[in-house]
Protein chains: 2
Amino acid sequence: MALRHAVLAALLDEERSGYQLAKAFDVGVANFWHALPQQLYAELTKLEREGLVAGREVVQETRPNKRVFQATEAGLAELREFTAAASKPSFIRDDLLVKVQGADHVDSGQLIEQLGERATAAEAKIELFSALLHQMRGDESEDEFLLDGERIGPYLTCLRGLAFERDNRDWCRRIADVLRARQAAALSHRPG
Amino acid sequence: MALRHAVLAALLDEERSGYQLAKAFDVGVANFWHALPQQLYAELTKLEREGLVAGREVVQETRPNKRVFQATEAGLAELREFTAAASKPSFIRDDLLVKVQGADHVDSGQLIEQLGERATAAEAKIELFSALLHQMRGDESEDEFLLDGERIGPYLTCLRGLAFERDNRDWCRRIADVLRARQAAALSHRPG
DNA sequence: TCAGAATAGTCAGATTCTTGACTAGAAGGA
DNA sequence: TCCTTCTAGTCAAGAATCTGACTATTCTGA
């Protein structure tokens, strides 16, 4: 039931279209939740029917028309209720970790390659999040902004995303190094 | 489709019962995947039917009998195929992040409390993972173990879990501090 | 100029995950 | 002695998520 609250949280400060939400909840950003466009459009329909978000048609000249949504008072109340309830613990669920768990039984080369790809993807996210953070805080230092900024929610979740991706990158690189070192050691033990 | 591979990866090195798996994939450990007992028992049944794991009845005196499973050659082949394929990116999906995203519109006190609870839970996992890592590497240093250890897969995923929980703890504490500082600042601006 | 990406969505179907309940004996603590 | 927890599972139903396809128009790069 948290997708609906994630959508509400994303529609608190500004109007967004389903399409904009879809991009925000996509692989590229997804700093506090992830969902596919289909889920988002479906959820927006439900939320609007329940009066938790309000939709508005925006006529565009050169682009297809779109509907933009914003959380209503009722939506905010729903989000507050959600916030008051206990949070479920969050779990890791990652294909790559499953593969590394089997590291002793599978081809190291493939793992090293995938770890490299993941590290590159993490690096790209790090750049993106860093730029987003800088944009949000403007000229201020982070500490200043967090003390007197008006909208710090998105900044805080972005910080979490940044830390996650840094860890991700560092871990991938470390593990790839370990696997390479073991390949080298294995070669030197039984050479030729 | 990754649960089946997570189960296979968990059954590579040693036999385990569904019940043992359930504990390993539970909230408490879950260092490379998470699943509920119901999912695991169902998946084990499927895997056995497909010949990817082999089950064996163990008769116990004082405890209910149990069935223990281990990956077969076919299971290992399946896992290798999985490893060769591209990994899906991993996403954050966390109730608490949704709540923090809405931080500017909800009660800070509740958030601070939940951040504290999460930090405590993370700390407990940190202890657990640290102990597990120590147990796995024995007397050796980490670098030594990772270079010449025989089964490093579970160690590597545990390292990832440790880093994740450390980040989690640090971020929760930092955000709770920020929210407290803002509460204090708000009080001093409009006192009484 | 022509293919491909971006904008702005929708639909159906399958799979996966979660919630909740239920059985049953043994061990441990108050 | 009784209550709770632990071991060791099973069943059904519902919610959430993912896969894949489909419609249109417009802008952009080769």
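Hi everyone, let's start with the polar side of this interface: 42 residue pairs are in polar contact across chain B and chain A, both partners at pLDDT 80 or more. Polar contact here is a pair of N or O atoms within 3.5 Å, where within protein one must be able to donate a hydrogen and the other to accept it, and residues adjacent in sequence count only if both atoms are side-chain atoms.

By class, the side of chain B that touches chain A has 37 nonpolar, 17 polar and 18 charged residues, with Gly counted among the polar ones.

A quick word on the source: this is a predicted model, where local features need pLDDT of at least 70, side-chain atom pairs count only at pLDDT 80 or more, and totals for chains, interfaces and linings use all residues. Residues are numbered from 1 along each chain as its sequence is written, chains are lettered from A in the order in which they are written, and side-chain values use heavy atoms, leaving out hydrogens and water.

Now, salt bridges: the rule finds six across the interface, each a side-chain nitrogen of Lys or Arg within 4 Å of a carboxyl oxygen of Asp or Glu. One of them joins Asp143(A) to Arg174(B), at 3.3 Å from N to O.

How much area do chain B and chain A bury between them? About 6,900 Å², 58% of it on carbon and sulfur atoms, taken as accessible area (1.4 Å probe) lost on being put together, summed over both parts. In chain B, Gln101(B), His105(B) and Arg160(B) lose the most area to chain A, together 11% of what that side buries.

Terms used: Buried area is the accessible area (1.4 Å probe) that two parts lose on being put together, summed over both.
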